[in-house]
Amino acid sequence: GQLASRRVYTGRVVNLDVDTVRFPDGSTGEMEMLRHPGAAAVLPVLSMPADGDPQVLLIHQYRYAADGPVWEVPAGRLEAGEDPADCARRELLEEAGVTAGRLERLTTIYTTPGFTDETIHLFAAFDLEVGAHQREQDEFIDVVALPLSRVLGMIRDGEIVDGKTLATVLFFAGFRLGM
């Protein structure tokens with residue numbers, strides 16, 4: 001458990017702490033921890049044909065950390081006290097320009113538990129209606145409709161490498177559709 005914590009950096013996206021911790025064997029040490037408020041990610045499902053291949057929306061977004069564009073599901077940080085479903089709806093409109101008639105919770109994941117407490121709450125969105133996107137100044141995004149089979153192929157072929165997107169799509173395909 002945590003014995004002490006020292007804030008080293010406070011930023012717009014994350015805070016960096018150095019924690020003194022007691023490990024399971026009783027020894028103690030220091031751990032760098034990126035504190036993050038958590039996030040929500042959502043797979044927008046355009047169609048759910050009974051016998052076919054659902055159409056989904058992905059965003060192709062410039063990411064500085066990846067040195068270029070990355071295929072992703074819409075996602076974003078939770079605001080203080082915000083319900084994850086509300087965050088998912090907000091990001092769906094902001095990034096993809098759609099609103100959802102129905103939201104279904106899939107699961108919650110840790111992004112990188114080796115150094116951050118960030119969790120992402122994963123959702124699927126249905127009964128979509130087109131609204132007007134409200135992107136932030138540093139968001140450069142194309143919204144693309146794709147058949148889920150194509151998205152799964154992009155995952156297999158290494159075109160989709162974003163962790164939250166992999167988890168959301170594969171969870172949806174495997175457990176919601178049984179593909």
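Predicted model: local features only at pLDDT ≥ 70, side-chain atom pairs only at ≥ 80, totals over all residues.
Is Glu 82 buried or exposed? Glu 82 is buried, since its relative accessible area is 17%, and buried here means under 20% relative accessible area, with exposed over 50% and partly exposed in between, for a 1.4 Å probe and protein chains only. Residues are numbered from 1 along each chain as its sequence is written, and side-chain values use heavy atoms, with hydrogens and water left out.

Let me turn to the overall fold. The protein chain holds three helices and 10 strands, taken as DSSP runs numbered from the N terminus (helices H or I, at least four residues; strands E, at least two). Their order along the sequence is β-β-β-β-β-β-β-α-β-β-β-α-α. The C-alpha trace spans about 55 × 35 × 30 Å along its principal axes, and 41% of the 179 residues count as buried.

I return to Glu 82, which is located in the loop between E7 and H1. Its side chain reaches the backbone nitrogen of Cys 87 at 3.4 Å.

Next, the aromatic pairs. The structure contains two of them, where rings of Phe, Tyr and Trp (its six-membered ring) pair if their centres lie within 6.5 Å, and planes under 30 degrees apart count as stacked, over 60 as edge-to-face and the rest as tilted. One of them is the tilted pair of Phe 126 and Phe 172, at 6.2 Å centre to centre and 40 degrees between the planes. This pair joins distant parts of the chain, with Phe 126 in strand E9 (residues 119-130) and Phe 172 in helix H3, 46 residues apart. Phe 126 and Phe 172 are both buried. Over the face of Phe 126 lies Arg 102, at 4.3 Å from the ring centre.

Finally, the largest pocket. Its space amounts to about 1,200 Å³. A pocket is an open set of points on a 1 Å grid over the protein atoms alone, with protein on both sides within 12 Å along at least five of seven lines, and lining residues have an atom within 4 Å of a point. Of the 36 lining residues, Val 13, Arg 63, Glu 72, Arg 77 and Lys 164 are the closest to the centre. Strands E5 (55-63), E6 (68-72) and E7 (75-77), together with helices H1 (84-96) and H3 (163-176), each supply at least two residues of the lining.

Key:
1 Å grid on protein atoms, 1.4 Å probe; cavity = no way out; pocket = protein on both sides within 12 Å on 5 of 7 lines; lining within 4 Å. Points joined across faces, edges and corners; volume = space filled by probe spheres on them. Lys NZ or Arg CZ within 6 Å of the ring centre and 35° of its normal. Polar contact = N/O pair within 3.5 Å; in protein donor to acceptor, adjacent residues only side chain to side chain.
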